[in-house]
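The stops below follow one another from a sheet to a pocket and then to a loop.

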Amino acid sequence: MKKEYKLYKLIPILRKLGVFMRTLKMINSHETQFLMNSLRKACQIGTVLGIVSVFFASGCSSTNNLTLQGKVTDLQNQQIAVQNERDAWKNRYEELANSNRVQVHAIAASRHQIQTLQAEQLVLQKQLKDTLEQVANTQKQNEYLSNQLAKYEDIRRSQEQGTTFLSNKSENKGTELSVPSPIAGVGGTQDAYLPSIPGTVVSTHGNKIHIELPGNTLFESSGSLSPSGQNLIRQVAKVVSQRYPNAMIDIQGHVSTYQKVSAGFKDPKQQTMSQAMMVRDVMVNEHFFGDESLNVSAHGTNSPIISSGTEKGAQRNYRVELVITPNSGE
């Protein structure tokens, strides 16, 4: 095939010889006639060989073209097969992706539901804890009231006995005496009557006197001290300082269990401490008590008096409570 290709390359050379021959013919020389005939035959032979070479080369080229065309067809078929396989994998990937998205949404919904249930559980646990604390406080109050009732009953019986005894003496000697009725558990006879201060709730627990100052009266909605609250503190401080000048007073801040913390405070503990300090400052700055007689404590939502489940209960639990311990000589 390489030799035929070289013969094909002789065609331009033979054509040049033909041109040369025609040139010699135009010269019309007898000496060159023989040479011209020889060259003409050579040219004819070269032309035939060139044509054969071209034809053979063309035939070989066609064979190669057919072979290449077959390979191209095979490659195209393989490409189509690969494309189909790629499309199949792409469809499978999209199916898996859709399935994964559905599962992700389902997992997210389950997590949200779990978080909601956990939050509800925490609320229920807190409510249960508050309820148990309220039950405990109620039991303590019930025990205290039972004790107080027993003491009052003893006092009543002793008064009845004393009155009968005095009546008998009066009949015999013509004299009359009166018997005081002190409250058991509180100081001497001077503490027989609890101070009565409008707008407050006064009670006794053992040998201590508790005075509740309502938070809605003392403070604005922002948590700051109101003018009416200052007046109430002055009234209470005046009565207590006159009645118990040497007493120790614990100023306790309280808020309702479900009460929203006022602006400027980060939590109920901080709010109750700040509000108890406001009451203390009025009592000290206006010279009702010395600083050494007062103690301030914050109880947040930990010590409700009654359940905060009602509006009335929530209002009563929001308070500043003065816990007074009278001096033994007062």
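Over how many bridges do strand 3 and strand 5 pair, and in which sense? Select strand 3 (248–254) and strand 5 (319–325): the two pair over seven bridges in the antiparallel sense. Two strands count as paired if DSSP finds at least two bridges between them, and strands (E, at least two residues) and helices (H or I, at least four) are DSSP runs numbered from the N terminus.

The model is predicted, with local features needing pLDDT of at least 70 and side-chain atom pairs pLDDT 80 or more, while totals for chains, interfaces and linings use all residues. Residues are numbered from 1 along each chain as its sequence is written, and side-chain values use heavy atoms, without hydrogens and water.

Six of the seven residues of strand 5 are buried, so the strand is largely enclosed by the rest of the structure. Buried means under 20% relative accessible area, exposed over 50%, and partly exposed in between (1.4 Å probe, protein chains only).

**Leu-322**

Now select Leu-322, in strand 5, which counts as buried because its relative accessibility is 1%. Leaving aside neighbours within four places in sequence, its contacts include Ile-209, Ile-211, Val-236, Ile-249 and Val-279; contact means heavy atoms within 4.5 Å.

**The largest pocket**

Show the largest pocket, which holds about 550 Å³ of space. Of its 23 lining residues, Gln-141, His-205, His-210, Ile-305 and Glu-321 are the closest to its centre. A pocket is an open set of points on a 1 Å grid over the protein atoms alone, where a 1.4 Å probe fits, with protein on both sides within 12 Å along at least five of seven lines; lining residues have an atom within 4 Å of a point.

**His-287**

Finish in the loop between helix 6 (268–285) and strand 4 (294–298), where His-287 lies. His-287 has a positive phi of about 65° although it is not a glycine, and counts as exposed because its relative accessibility is 71%.

Definitions and conventions:
Grid points are joined across faces, edges and corners, and a volume is the space filled by probe spheres set on the points.
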